[in-house]
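Please look over the following structure with its charged pairs and its chain-to-chain contacts in mind. The briefing below takes up these topics in turn.

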Amino acid sequence: MTAEVRPRITEDWLAIIIGGLLVLGSIAAVLLNGRQPQTAPAANVQSGEKSVSEKKTAAWSNPLKPYLAVPGKWKDSPLEGLKAPEAILGVLLTTVVMFGAGISMSGGSLSRFLPGFLIVFLLGTVAYVMAEQIAIREAGLEYALWALLLGLMISNTVGAPRILKPAIRTELYIKSGLVLLGCEVLLVQLVALGLPGICISWIVTPVVLITTFWFGQRILKIESASLNMVISADMSVCGVSAAIATAEACGAKKEELSTAVGISLAFTAVMMFVMPNAIRLMDLDPVIAGAWIGGTLDSSGAVSVAGEMIGKTAGKVAVTIKMIQNMLIGVVAFGVAVYWVSRVDRDKDSRVKPDAGEIWRRFPKFILGFIGASLLISYLHSRLPVGDDFFKAVVDGSTKTLRNWCFCLAFVSIGLETDFRALAHYFRGGKAVTLYVAGQALNLLLSLAMSWFMFRIVFPDAAKVLNAE
Amino acid sequence: MQSERLANQRLRLSIGVGLLLLIWLVVLPRISQLPMVEQWAAFLDDRGVNPNAKFFTDQPAAFVKSRQVMQRAREHAKAFWEPVWRTEN
């Protein structure tokens, strides 16, 4: 009998260390670089905010930005999207060092990890290039789908080669990416749209989430509570990012995450074109329309597309509502994790409630990394001069890019580990799709009602101010 | 028997890869040249919209747009924080 080798460090703490070091490294790079004198107008002039940016004499910049990138969009040849190969190599080097060190720390073999990781990274790059082809990109079919597809294609034909196995570390990539995502959540954004924004984003969303979960458990009687929760969060909060965070918080299976992401991407691609047309038929006020779109559509990309199809005001309100809703990811992941370890996961035979120590033992600790990163960036944003510039330099320059790569590697890994038959099992009977459709119907109704109530009845002057731009 | 199965698996993978190459290198570039697709891409580019964005920070123009809204909300704090029945009194 061989004793099971216990890793020296748990994956959650490893993700906190990797994600945390990347966040701290990015912040340190921006701080050490200092504020650089600007010789050209800031980027936001292009978007019409002249008065703010032309006054600036010095802005924060990230020296890491030229060395970290994702493939760009292309039309005729994939090479058009790979114009900065050194920046892709920069990401490869960073991820090899960080994850390689992490694997060593947890007692894994670096020499077995590296060859597999290079192939997983290559597959991730191909998935990214596929997503950036203009016809695919403009339809909102993001890299998660193609990463999953490439992985599935390999695992369901020749099977994932043995050399890849040590590098298939889905959980580690996702959790590290989520810690990096925390760095993109600024607490001050909660008040961006005053009380109407908070009510639309932070009242409707939890109500829809809880009701959909209840509906799935009690009415549809979905076998897997975690699948139910991931679909509910994906649909009510903000699509793929929320699905990833919630799946980790409730320990959902990889196939369950893939199912939720697949359903969400398919419905969002349709809804982002249907909703603006429905809004035109209903002749809605642009502010109410924007708030409805922002509160309902799953992904930020789809929200922007649908909002801009209505007009500039609707576009601005839609992305602002979505941004406030995005902030719920941490709260939802924390709440789901606590609910899961204290209620769902507890030993079914035991009637004794788990004590605080037991809850802490089971709690997915990476969420603390997410919250910590958010608190740190929010603190620095409030204390440093030109905090907005600082935030943009850190996020746009490095953490956002690395977060997207972590998620891309995770979806390649999920595909490589997934059997088509296991995936088909979740679609059988149509319960997962029914849950999504029912939840989204409720979301559409409540978001519209709340947007109308807020901007027509309670804060009509706010709608007038926004419409007057 | 096993080598036949392996050959079959490799054939399926090759067909899949071939199909992807055909779609991405031949079909999609042609679709991208359709006037409708070009106009749509230009419309989104003009507005700084990335339809593939997962999070709001993935949107090139989202930060600026939300800041403009935030600025308006700050300038007209009463309109955004006090219900209409309180401002009427």
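Arg169(A) counts as partly exposed, because its relative accessibility is 22%, and in this predicted model the residue forms a salt bridge with Glu11(A), the closest N and O atoms being 3.0 Å apart. This pair links distant parts of the chain, since Glu11(A) belongs to helix H1 (residues 11–33) of chain A, whereas Arg169(A) sits in the loop between helix H6 (143–155) and helix H7 (170–182) of chain A, 158 residues away. Glu11(A) is likewise partly exposed, with a relative accessible area of 22%.

**Salt bridges**

- Over all chains, a search of the whole structure finds 19 salt bridges, and seven of the salt bridges found by the rule cross the interface of chain B and chain A.
- Within helix H19 of chain A, Lys392(A) and Asp396(A) lie four residues apart, about one turn of the helix, and their side chains meet in a salt bridge with an N to O distance of 3.2 Å.
- Residues three or four places apart on an α-helix point the same way, because the helix has 3.6 residues a turn.
- Lys392(A) is partly exposed at a relative accessible area of 25%, and Asp396(A) is partly exposed at 21%.
- Salt bridges that share partners also join Asp12(A), Glu171(A), Lys175(A), Glu248(A) and Lys254(A) into one network.

**A salt bridge between the chains**

- Arg67(B) forms a salt bridge with Asp388(A), in which the closest N and O atoms are 2.7 Å apart.
- The pair joins two chains, because Arg67(B) lies in helix H3 of chain B and Asp388(A) in helix H19 of chain A.

**Helix H3 of chain B**

- Helix H3 (residues 62–75) of chain B has 14 residues and reaches 20 Å from its first C-alpha to its last, close to the 20 Å expected at 1.5 Å a residue.
- This helix is mostly covered, with 10 of its 14 residues buried, among them Phe63(B), Lys65(B), Arg67(B) and Met70(B).
- The buried residues of H3(B) pack against helices H14 (300–310), H15 (312–326), H18 (366–383), H19 (387–417) and H22 (460–467) of chain A, together with helix H4 (77–81) of chain B.

**The interface of chain B and chain A**

- In all, 54 residues of chain B are in contact with 82 residues of chain A, and the area buried between the two chains is about 5,900 Å², of which carbon and sulfur atoms give 65%.
- Trp24(B), Lys54(B) and Phe55(B) supply 14% of the area that chain B buries against chain A, more than any other three residues.
- Across this interface the rule finds 30 residue pairs in polar contact.
- The largest share of the side of chain B that touches chain A, 13 residues, comes from H1(B), and by class this side has 31 nonpolar, 12 polar and 11 charged residues.

**Ser201(A)**

- Ser201(A), placed in helix H8 (residues 194–202) of chain A, counts as buried because its relative accessibility is 0%.
- A polar atom of the side chain of Ser201(A) lies 3.2 Å from the backbone oxygen of Ile321(A).
- Apart from its neighbours within four places in sequence, Ser201(A) is in contact with Pro206(A), Ile321(A), Ile324(A), Gln325(A) and Leu328(A).

Key
Residues are numbered from 1 along each chain as its sequence is written. Chains are lettered from A and ligands numbered from 1 in the order in which they are written. This is a predicted model: local features need pLDDT of at least 70, side-chain atom pairs count only at pLDDT 80 or more; totals for chains, interfaces and linings use all residues. Side-chain values use heavy atoms; hydrogens and water are left out. The expected span of a helix is 1.5 Å times one less than its number of residues. Buried means under 20% relative accessible area, exposed over 50%, partly exposed in between (1.4 Å probe, protein chains only). Contact means heavy atoms within 4.5 Å. Buried area is the accessible area (1.4 Å probe) that two parts lose on being put together, summed over both. A salt bridge is a side-chain nitrogen of Lys or Arg within 4 Å of a carboxyl oxygen of Asp or Glu. A polar contact is a pair of N or O atoms within 3.5 Å; within protein, one must be able to donate a hydrogen and the other to accept it, and residues adjacent in sequence count only if both atoms are side-chain atoms. Ala, Val, Leu, Ile, Met, Phe, Trp, Tyr, Cys and Pro count as nonpolar, Asp, Glu, Lys and Arg as charged, and the others, Gly among them, as polar.
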